[in-house]
Amino acid sequence: MPGALGASSVVTTRLDHLRANLDAIRARVGDRLVLAAVKADAYGHGAVEVARMIERTGAADWLGVATTSEGLELRAAGVGLPILKLSVARGEEVRAAVGAGLTLCVTDAASIAEAGAAASALGTTVRVHLKVDTGMRRIGCEPADAPALAGLADATPGVELEGLFSHLPISDSPRGEEFTRDQIALFRRTADQVEAVHGPVVKHLANSGAVLGHPDAWLDLVRPGIMVYGAYPDPEAARTVALLPGLEWRTRVTFTKQVRAGETVGYGRTWTAPADTWIATVPVGYGDGYSRLLSNRGRMLIGGRSYPIAGRVCMDQTMVDLGPATDVAVGDEVVLVGRSGAEEITTSEIAGLMGTIPYEVTCLITARVARTFVG
Ligand SMILES: *Cc1c(COP(=O)(O)O)cnc(C)c1O
């Protein structure tokens, strides 16, 4: 485990896999621009390294962040690609965002005015994308208000309206077919009205679910996130693009011992040995972002074999049941996410056990875990 000295464990981001996933997305969507969502530290994969790879290779055309500070971090690292802040900026942060050359999301007259005021104060212009709410009910103007807001942006010094976008809450599931189709139609009508006022804009709507399942939503630019990191947004999503896993998570066994039938393992005594068995202790816990919800449910791979978690995941350590006879020893490699021999644990498997989505599994990994990058 390179770079692991003193760390609980190591996450290896597979930049080569991320690049392959972006190439596969490009192959699917053809001649559209691709914005890679790198918010939340690239879904826990390391935003600076991921963004640098994307810029170096041309694997995507744009980057998407959630917060101004995420955009500033990328600019400080020398990333020059267009960066769209996907959520609306308000107040003091607007000036920093404009100063860093971020492209801003605007949703209403106030956000357009703030963008214009910041740009004028800095003696520059700011590119903005108008967000329309077609059914997510999170942020965005009502579709009927979009043409007037586009006109307002055009009339605001320092503001350059470049794009129009919306978001799809259920593009990743067959249960959402009709809702998503209606959203796409509403967005296209709204875009026609905006373009009648303003002229052409960069129109975009497609998250991973729509890249996979809704070609009508691709428009001028697509905005995949989770697919870039090698997971499908939902177990039911159409698997129209083959993906490679974005990261691997490994550590080493720190302790082994035999426990007797009837003895319990860990906090709360929630696991009782059904027979004499060997237990390995692994130096990773919920303090590393390995969720306590995996207590008595998750598994780890050692030497190409799968071992169930015995008892509760602790803050810093977790125990696995090796069975009545084992050759596992202190120092053996443990795979929490990734392959070992013929076995593989994916972030989607872990998400299923936790009752969540793979996005959260990788976002939870904490700074205590060492990071390396391959490719
Ligand atoms: C995060 C985000 C995306 C990417 O979503 P995925 O489901 O990860 O593909 C796209 N658009 C917006 C507005 C987002 O916030």
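These points go through a predicted model, taking the barrel, the ligand site, the open sheet and a few single residues in turn.

1. The barrel. Eight strands close into a barrel, and their order is β2-β3-β4-β5-β6-β7-β8-β9. The pairing in this barrel is parallel.

2. Strand β3 covers residues 62–65.

3. Side chains of β3. In a regular strand the side chains alternate between the two faces of the sheet. Which residues of β3 point one way, and which the other? Trp 62 and Gly 64 point one way, while Leu 63 and Val 65 point the other way. All four of these residues are buried, so each has a relative accessible area under 20%.

4. Strands β6 and β7, with helix α7. Strand β7 (residues 159–165) runs parallel to β6, and six bridges join the two. One of the bridge pairs is Val 126 with Val 159 of β7. Helix α7 packs on the sheet and touches both β6 and β7. The direction of α7 makes about 155 degrees with that of β7.

5. Arg 137 lies in the loop between β6 (126–131) and α7 (146–155). Its phi is near 55 degrees, a positive value in a residue other than glycine. Is Arg 137 buried or exposed? Arg 137 is exposed, because its relative accessible area is 55% and the cut-off for exposed is over 50%.

6. A polar side-chain atom of Lys 39 lies 2.6 Å from an oxygen atom of the ligand. For Ser 208, a polar side-chain atom is likewise 2.6 Å from a ligand oxygen atom. An N or O atom in the side chain of Arg 223 lies 2.8 Å from a nitrogen atom of the ligand. Taken alone the ligand exposes 390 Å², and the protein buries 92% of that.

7. Tyr 43. Tyr 43 has a positive phi of about 50 degrees although it is not a glycine. Tyr 43 counts as buried because its relative accessible area is 6%, against a cut-off of under 20%.

8. The open sheet. Three strands form an open sheet in the order β11-β14-β17, with antiparallel pairing. Strands β11 (255–259) and β17 (318–323) are the edge strands, each pairing on one side only. From one strand to the next the twist averages 30 degrees. Strand β14 (residues 277–282) pairs with β17 over five bridges, in the antiparallel sense. Thr 281 has Met 319 of β17 as its bridge partner.

9. Thr 277. Thr 277 belongs to strand β14. It is buried, with a relative accessible area of 4%. The side chain of Thr 277 reaches the backbone oxygen of Gly 323 at 3.2 Å. Leaving aside neighbours within four places in sequence, Thr 277 is in contact with Lys 257, Gln 258, Val 259, Trp 271, Asp 321, Leu 322, Gly 323 and Pro 324.

10. Met 354. Met 354 is found in helix α10 (residues 347–354). What does Met 354 touch, not counting residues up to four places away in sequence? Its contacts are Ser 291, Leu 293, Leu 294, Val 361 and Leu 364. Met 354 and Ser 291 are 63 residues apart along the chain, yet their C-alpha atoms are separated by 7.8 Å. With a relative accessible area of 11%, Met 354 is buried.

Terms used: Residues numbered from 1 in each chain as written. Predicted model: local features only at pLDDT ≥ 70, side-chain atom pairs only at ≥ 80, totals over all residues. Heavy atoms only, no water. Pairing = 2+ DSSP bridges. Helix = DSSP H or I, 4+ residues; strand = E, 2+ residues; numbered from the N terminus. Axes fitted to C-alpha atoms, helices over the stretch in contact; angles between N-to-C directions. Buried < 20%, exposed > 50% of the residue type's maximum accessible area, 1.4 Å probe, protein only. Contact = heavy atoms within 4.5 Å. Polar contact = N/O pair within 3.5 Å; in protein donor to acceptor, adjacent residues only side chain to side chain. Areas by Shrake-Rupley, 256 points an atom, 1.4 Å probe, with all protein chains shown as cover.
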